[in-house]
Structure formats: C-alpha cells, structure tokens
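Thank you all for making time this morning.

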Amino acid sequence: MPIQLLQQAAAANEWLAITPELMLALLALLLLVLELVLPRQLHTLIPATAIVAQIVIALGLAFNFDSAFTGPGTAFNGLLRLTADGQFLRLFFLVCSIFVCLLGTVCLAKQRMPRVEFYHLVLIITAAMMLLAQSNHFVLFFVALETVTVGFYILVSYFRESPLSLEAGLKYLVMGALSSSILLFGIVLLYGAAGNQALPGGSPNSMNFDQLRIFLTDNPGNFLASAGIVLVLAGVAFKIGAVPFQIWIPDVYQGAPTPVTAFLAVASKAAGFAVLLILTQRVFAPYQGLVIPVLSVMAAATILFGNLAALTQHNVKRLIGLSGVSHAGYLMIGVIAAYHEPHAIGAIWFYLSAYLLASFAVFGVMAHVAGPNDADQELDHYADLARDQPFLAAVLAIGLGSLAGIPPLAGFMGKLLIFVSAFKAGLYPLLAVAIAGVVISIYYYFGWIKAAFFPAWRPTDAGLPQAAVPARTPVNLGVRIALTVLAVTSVLLGFYQGAFGQWILTR
Amino acid sequence: MNLLPWSIYLTMAGALLALAGGRRSAGTARWIALLTAAGTWILTLLAATRFVPGPGLQTLVDVPWIPAMGVRYHLAVDGISLTLLVLTGLASTAGVLFSWNIEERTGEFFALFLTLVAGVYGVFLSADALLFFVFYEIAIVPKYFLIAAWGSTNREYGAMKLALYSFAGSAMVLAGLLWVYACGGAHGFSFGQLTHAAATLSRPGQIVVFALVFFGFATLAGLFPLHTWAPTGHVAAPTGASMLLAGVVMKLGAYGCLRVALPLSPVAFAYWQTPIAWLAVTGIVYAGLVALMEQDLKFVIGYSSVSHMGFVMLGLAAANPRAVSGAVLQMFSHGVIAGLLFAVVGRMVYDRTHTRQLGDLRRMKLYRLVPFATTMFVIAGVASMGLPGFSGFPAELTILIGTWTAAPLWAAVATVGVLIAAAFTLRAIQLGFFGSTGPSSASATDGPGLHAGSAPHLSPITWPEKAGALLLVGATVVVGLKPDLLLDWINPALQSPLLQAVLKGGAP
C-alpha cells in the first residue's frame, strides 16, 4: 500500500477500526519487554498481565460492540470489512486466547521451557485471526492466515524436548505448507480469471472480494474460476480439518502442548469457519451449484469419519481431535444450510460458542490430568478422577455432555439450531448422516465420562503391570474460577439464551 | 394443582442433597432419597385429590423459554399424565426402599436415581414437545451410569446397548419433531401446533415423520423388534434401577407414542396402524415364548416386561377409547407389577443366593428359606398373569375388548399371549421358588451336594424390602379391585380434540 494511502487511512481515523488488534500486538511486545525488565522472581506476573489485559480488551470490545462500526463499512481501501459477525468473532477469539493463556500457565509449569514466548505467540495469532475474520481482500486474507499458521508451527512444536511435539510440528509444517500452497494456487487462478478485463466484470483489483463477486456473478461457469474456487475451498478445509484434509489432525493434536491443541481445536477451527462463511456466502455465492455439492460430500464424510475414527481411540488428545473433526462436519451442514436459511449463520455462531465453552472445560481438565509427558494422555489415566478430584470430574462430565449434545446443555441447543436450519433448508440426507453421527458419538463421550467416574475395570492380575497414572495437578483458584464459569455457562446457555440467543437468531 | 411442578424441582433438589449427604454417610443419602421420593409421591397424591378430570391438558406453568423458536416452558396435566405421575411416585419410593443395601457410593447412586425420576416427572408434565424431549433425555442419561457403575451381569455391555438404543430412538424423535417444526412454519412446539404443522406436509412426508417419532418412542417402550435392549439392560441393572427402568422408563416411550406421536398425523397413523398392531402382537407372543425358555430368572422377567408392554402398544394401535384407556391402565399396572417382580428377583433372591439360574434355584427350594419373597413373587406372578382382583386383569381385559372391536384377529392372537404369560409365570414360580415336583421330587431335592439340612443360610428380609413390597402389592390390589379410580381420570382425558382426531368409536 503506497504511503499516501496510509496517510489517508490515518487521516480518516481508519486505524481505529483495528484498535483491538493493535492493542493485542502491543501487549505481545510488552510481554517481551517485561521479561527483560522484571526480575526473575516476578516473571509469574507476565501471564497474569497477559490475561488481565486481554480481559480488559475483551470488555472494551464488548461495550463498543455496536459503535465500532457503522453498517457494513469497509476500511483500508477495501481490505477490511466491518460487520457484526466480525465483531462477534473478535470477541470469540479473544475469549479463546484468554483461556489458552490460562491453560498455558498450568501446562508450562510442568515443563522446563521458556515461558513468555508462548503467550507472545498466542497473542499474535489471536490478532491475526481477528483480522482474518474481517478480511475482504485476498492479500489481507492470505497474510493473516499465514501469520496464524506460522505462529502455530512454533506453538505446536513448543515442547521441543518431546519427540512427539517435534514430530507434530513437522507434520503441521508440511501439511500446512501444502495447504497454503493449494490455497495460494487457487487464489492465483481466481485472480488471473477475474483480472482478465476482456471478460465482463473483470477488474484489475480482482483480489478484492467485492470485485471478485461481481466477476463471478457475470461469468457463471468459468472453468478457471471454478478450479480456483475448489482449490481455495480445499485450502480452507485443511484448516478446519474436513475430510479428506483431516489426516494431520490426530498426530498434531496429540503431539502439540495441550493449550495449543485447545487453541487449534477451537480458535483455528472457528477461524476456518469464519473464512468459509465469508467465502461461500459472499464471494462464491454465484457459484452455489459448484460449492454446495462439494461441501455436502465433505460434510457427510467428515461426520462419519470423525465419529467412526474416534470410536477406537484411547489417547484422549487424539479422541478429542477426531471428535472435533465430526463437529466440523456438523458446522459444515450449517454452512450449506446458510444458502437457504439466513438463521443458519447465527446457529453456527451459537454452536461455536457452545463448542468453545465445552472444549475449554474438557481441555482444562486434560491439562490437570496430564503428567510431564504431555502427549501421553490415555483414557486409563482418568480412572477414579471423580474420587480424587470431584471438581474436575464434574467439569469434565458437563463439557463432554455438552460436546455430545445432551440436553439441556449448550451443545444440545447448538445442534438443535443447526438441525432446524438444515430442516428448513431441506438437507434431509445430510441430516440423517448427522443424526447417526450424534448417536455414534455417545459411545466414546460416555466411555470417557465413565472412565473418569469409575475405577479402571481392566484385569490387574492378568500379569500385565498396571500402567502408572501420572500425578494430577491440583487446581489453583484462578483456574477453578475459570472452569466453574465454563461449566456453569455451558449449563445455563442450554436453559436460557437470553440476549445472546436473541442476537444470534435475529442478527 | 400447582403443587405438581414441585415434583420436578423437589426431586432435583433431593438429588443434589443426596449427593451432598453421601459425603457424610451412606445412611444420610438413603434417608434423603427416601424422604424426597416419598414426599414427592405424597405431593402427587395430594394434587390428585384436587384434580378435576376433564378433556385436554390443564396448564400449570406456561412461560416463554426460547422465544425466538417459539419454545415454551409449558407444564400441564391431564388424567393420563396424572396416572403416570402417581405411578412414578410409587415406583421411585419403592425403588429407593429396594436400593437400601447400596453401600458403594451411595450418594452418587441416589443422586443419579433421583435425577432420572425428576426427568420422568418432567416428561409426564410437559406440554411442549421440545421441553418433553429435554426431560426425556434427562431421564435417559442417568440410566447408563446407574447400570454401568452399580450393575451386575455384563453391565458395561448392557449399559452401552441401552444407551445407544435410547439415543438412537430419541435422535429419531428429535429428527421427526424438528422436521415437522421446520417445514410447518416454525411456529412452536406445542402438541397442537405440531399437529397443525404436520398437516401441511405431503402425505409421504407425514408418513415418514410419524414413523420417525412413533418408532423412536417405541424403541424405549420395547416394541418388537426394537426391544432387544430391554432384557440385557434389565438384567444388568441394579435392582432399584431395573425397577425404574421397567416401572417408569419404558412408560416414557409408550407415553411419548400416545402423547406426541399419535396426535401428530391421523393420516399417517391410519397408514401405520396395522403394522404397529402386528408388531405389538408379535412382541407379545415372541417375548412370551422366549421367557418360557429362559434359564435366568431375571431374563424371564425382562422378556415378560417386553410381552406386557406389547399389550400397551397394542392398545394404542387399536386406537379406540376403550383400548387406549386400557393401555394407560396397563402402563400403571405393569409399572407396579414389573417393579415388584424385579424387586423380588434382584434384591430379595439374587442378593442372597447370588444366582438367578432356575437350575440352581430349583434345588434351593426358596419357599422354605425366604417365605416372604416367595409370597410376594407369587402375588406379583398371578397379578402379572392377569388374575382378577389385581390390576393386570382390568387392564388387559380392557385392551383386549377394545382391540376386539377394532380387529378381532389381533385380539385373538394377543389372547394366545395371555396363555403364554400364564405358562411362563407359573414355570418361573415353580422352578424358582418351589423346586421341581412330580414323583421323583424326593430324590431331586436331595441331589448331590445339597442336602435338605445343609440349605444355605440366607439373611432375613429387611424392613425396607417388606415396606417396598407391601406398597406395590397394595397398589396393584387397590387398582385391581377398583380400576375406576384411575379410569375416571383417564377416560375424560381421551376426549381431548387432539386425541379424538385419532381415536375412533366415541366414548368408551
């Protein structure tokens, strides 16, 4: 962007539009400075600073929810589009980031690792995701996406003394690079097709989503554009872990540090869906005939694969990864339904919120049950959790129940809203698959709850030495409050949606 | 009347208190559970004395719940639900009494037990289909944990099978309800609104939706061939849980069929009526024959449950007021009798002898060792056979008469089921409690290793068992002698416009 444009932006106060992102970036830098300045014994204040500052930013954002934008305006010469959905997602990512930092304090305490860089990277990634959810131009889109991905390369292999963490980092790097290149190739094809000014609607600024949409409207069935759309969707499918681009999930989820797994499972997936909604509903809307079949097949395969593959898992990180794959499938049904039923977008946001609450509750428990070897978290380690730490067991039961969609928890309401939208859109075959998937998922979610509430039943006298269960971390007050909030909100949001429900359903 | 919603809230509160009380001592949790269950039962009885029978649901509470979707927190009662509420209070009180010997994690046991009961109360009180569904799920979830943690034979298998069947059934119900809701204009989930919404669907659409909802509920009611979870689940469950399972949880399915599915679409019901009736009749005969062959006493009772629930489904399928009123009466009657049978076999016999195999039991001649249990089993057995004077008689008779007016052939085949029921019940009484008879009885009883003098010493029957058993026997006798107590509530309820659209033949 030339310097005059930047000056223009400053003159028009456009920087205000990205205040939260700027504040996060400054906060990230501040953390590094604090590490240099503060004496070593005060370093425990750094994560606390990060968390408190983020809560302040989140509150500021929430109070200025409506005033930060006036209508669906754009900023920075069309790079950014300010929408209510974008505001919601900013808050969503901030909340994720707060919980990830909190889990980080629990998990990093068990490792001999530099601490501050972790929080720094989480903040940077969060800022990038917030930009990603508001992008209106392929350049901003790709830069933000790569910032997220590169940050995750480091975070996934953060426990660099653990071979599994390094392996996960490498796998994520290879698969991430592959997906980025596919995505970039798709973008290039679209740019090339839409940049051809001999065609109607062709524009030199064809990376802009609005221009691109005009081109796609004027040129239905352009082969180059179709190929570009499919490749871009494939690139996004990598991020959300939809079949057939889900292969990286189990290994990466297992190897990554637990807070990073949570970050990937919730925030990265939500970012993927934010992008998918922007692309499919706004930009690629004229190519519905192509997008809907592709997404439908992927959604059905994703639900079935995720649930069936999760059935046989004993490592809880792999299990929650694969169950997350199936959740991506349910959400994709919402994306498809959104073509016919605008409420579906609200349903997706509600589902993601319920998923956030439930997932962080479960990951919070996982962080406490895990021993020093973070990748080794087996179902057997949960034996008798209810007797040792009833608080954690209760949180786990509520979290998993919500993920399974047991009424009256929030997860049930999420599924209900998605299914109602899908019925209104007439997606009967997909619904049949989804409902079958929900029933299958009961098996492993209940198995996990059972593992936590009852002693291990495997014969101990069969000659096999009982695997040692790692020592469980006691829950400190801050985390206890956070987990209580997550669990209670999961229950309350199922009973009563209040203003949030109204906003979701009438947005 | 406004006492009734408190049955839900009090039971929920009791569940939490029992959980907390269990930390202190097992006895505290037991007494909290007993007081809650009995108190709630008395509450339903009090409400029943003030109940004025009439057509249609009498609203108790009605406030918006999810306004954007038109879902309301709407609790209401009519004669049918009141009958089942009283049954729930009775069965849960007896269930607590028969769970008195739970020593391990007593607090958690009664917390789950009472949560289940609260869900059941909620289902019977709901007048909004989505609320109904939510309570239905609250009742299903604790079952899994009760069986998986405190169960016996093959508990993990039985618990998971039961959970998967229940969730598959409820997923079908939810799919059907959402389909009707979404395609009918998305106005709301009250039963009347759903019926209007269903009428806007095409005929094939109505047929599919009705099948989803009806067979989804019928899974939990144990309709053949969706019944296979029931015997394994009952056998694996701890006594108190199997009493609830047979006593009230299976009724949830039947109640769902009657309350939600039947009124949904008269057109689709006309299409499915004959298949449902034949499935019910097949279930009656098939489950009876299996019960006749089973060697495990609890399996005998599990299959007899399926057979008796077949009568309920047959009554619903016959769809005239007499048959349906009989079906509701049978729900009550079976809830009491099956509860008693499971209590005798699971608590009084199995916990003492540690076997349920008829082959082992016949050598023990239990009538000499535990005469009280024997008496109770004989009473429950003859009540279950449908002997006059017990509640099973008016119930099955009403169903059969009602069915005869609808289709004599169904009634004729179902009558064969009554004969089979008599056969397997007598066989169970004979082999399980009195040993073998006949000329060779003397040698058979003194078989190798088991002399008459060396009969195992069995601990005496405790007071909670006696109290629980007498409660249930009292209920079956009272209703057997004066079925009008319940029929006077049930029959006016069948005059509601929603049910009248489906039921043919006017007043009973």
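Predicted model: local features only at pLDDT ≥ 70, side-chain atom pairs only at ≥ 80, totals over all residues.

Let us start where the chains meet. On the chain A side, 32 residues are in contact with chain B, and chain B likewise contributes 32 residues to the contact. The size of an interface is often given as the accessible area lost when the parts come together. Between chain A and chain B that buried area is about 3000 Å², and carbon and sulfur atoms give 78% of it. As for polar pairing, the count of salt bridges between chain A and chain B is zero, while one residue pair is found in polar contact across the interface, with both residues at pLDDT 80 or more.

Which elements of chain A supply two or more residues to the side that touches chain B? They are helix H17 (410–425), helix H18 (428–453), helix H19 (477–495) and helix H20 (498–506) of chain A. The largest share, nine residues, comes from H18(A). Sorted by class, this side of chain A has 25 nonpolar, three polar and four charged residues.

Now to the empty spaces. Rolling a probe the size of a water molecule over the atoms shows where empty space is left. The structure holds ten cavities of 30 Å³ or more, and the largest cavity contains about 180 Å³ of space. Its lining is made of 17 residues, with Gly405(A), Val438(A), Phe133(B), Ala171(B) and Leu174(B) nearest the centre. By class, the lining of the largest cavity has 13 nonpolar, two polar and two charged residues.

About 1800 Å³ of space lies in the largest pocket, which is lined by 49 residues, and the closest to its centre are Ile398(A), Leu16(B), Leu19(B), Leu112(B) and Thr115(B). Among the elements that give two or more residues to this lining are helix H16 (390–404) of chain A and helix H4 (106–125) of chain B, but the largest share, nine residues, comes from H1(B). The lining of the largest pocket divides into 38 nonpolar, six polar and five charged residues.

The second largest pocket has about 880 Å³ of space. Of the 33 residues that line this pocket, Leu91(A), Val95(A), Phe99(A), Leu356(A) and Leu357(A) lie nearest its centre. H4(A) gives the most to the lining, with nine residues, and by class the lining has 26 nonpolar, seven polar and no charged residues.

Finally, the salt bridges. Side chains of opposite charge can pair when their charged atoms come close. Over all chains the count comes to eight salt bridges. One to look at is the pair Glu167(A) and Lys171(A), whose closest N and O atoms are 2.7 Å apart. Why are these two residues separated by about one helical turn? Glu167(A) and Lys171(A) are four residues apart in helix H7 (residues 163–194) of chain A, and therefore about one helical turn lies between them.

Key: Residues numbered from 1 in each chain as written. Chains lettered and ligands numbered in written order. Heavy atoms only, no water. Contact = heavy atoms within 4.5 Å. Buried area = accessible area lost by both parts, 1.4 Å probe. Salt bridge = Lys/Arg side-chain N within 4 Å of Asp/Glu carboxyl O. Polar contact = N/O pair within 3.5 Å; in protein donor to acceptor, adjacent residues only side chain to side chain. Nonpolar A, V, L, I, M, F, W, Y, C, P; charged D, E, K, R; others polar. 1 Å grid on protein atoms, 1.4 Å probe; cavity = no way out; pocket = protein on both sides within 12 Å on 5 of 7 lines; lining within 4 Å. Points joined across faces, edges and corners; volume = space filled by probe spheres on them.
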